[in-house]
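Dear colleague,

Please find the structure below, handed over for your records.

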Amino acid sequence: MPRTLNALRVFLVEDSALIRERLGEDIASAGRIDVVGYAETEAEAVAALHERQCDVIILDLDLRQGNGFEVLKSVRADPAGPRPLVIVFTNYVYPHYRSQSVRLGADYFFDKARDFDRVREVIEDLARA
């Protein structure tokens, strides 16, 4: 996939192919946004995010193997390292999951059932900035 000049680089951590495809197509259609990769498991996400630079990570908490909390910990482990914006996008919208996500460094916490459009809005706003 060719990279758009000065595009916002988005990485998806989502184990559902259907959600991943819908989300990827939805945000990429906004323009100036490139989906630069995806992972379905904690291990795949941690490895890919250490190798690949991105501006935004859209992160599910419940993965095929492992969980999004551990991915978030890994992303935020190096305070001097890159600091991509992290959007937690999950079906598990319990208050303690929200507070733990924020404590670990998530910038946004959205419900898959209600906030699909809000993810796109945040991404579009960032791409315009």
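Helices α2 and α3 are roughly parallel to each other, a term that covers angles under 35 degrees. The axes of α2 (residues 42–51) and α3 (residues 68–75) cross at roughly 20° and come within 9 Å; axes are lines fitted to C-alpha atoms, for helices over the stretch in contact, with angles running from 0 to 180 degrees between N-to-C directions. The crossing is right-handed, meaning that the near helix is turned clockwise from the far one by less than a right angle. On α2 the contact (heavy atoms within 4.5 Å) is made by Glu42, Ala45, Val46, Leu49 and His50, and on α3 by Glu70, Val71, Ser74 and Val75. Five of these residues are nonpolar, two polar and two charged.

This is a predicted model: local features need pLDDT of at least 70 and side-chain atom pairs count only at pLDDT 80 or more, while totals for chains, interfaces and linings use all residues. Residues are numbered from 1 along each chain as its sequence is written, and side-chain values use heavy atoms, with hydrogens and water left out.

Turning to the strands, β3 (residues 56–59) is covered on both faces, with Val56 and Ile58 buried on one side and Ile57 and Leu59 buried on the other; buried means under 20% relative accessible area with a 1.4 Å probe, protein chains only. Strand β3 pairs in the parallel sense with β1 (residues 8–13) over four bridges, and Phe11 stands opposite Ile57. Strand β4 (residues 85–90) also pairs with β3 in the parallel sense over four bridges, with Val56 opposite Leu85. Pairing requires at least two DSSP bridges between two strands. Helices (H or I, at least four residues) and strands (E, at least two) are DSSP runs, numbered from the N terminus.

Yours sincerely

Notes:
Parallel < 35°, antiparallel > 145°, perpendicular 65-115°, else oblique. Nonpolar A, V, L, I, M, F, W, Y, C, P; charged D, E, K, R; others polar. Buried < 20%, exposed > 50% of the residue type's maximum accessible area, 1.4 Å probe, protein only.
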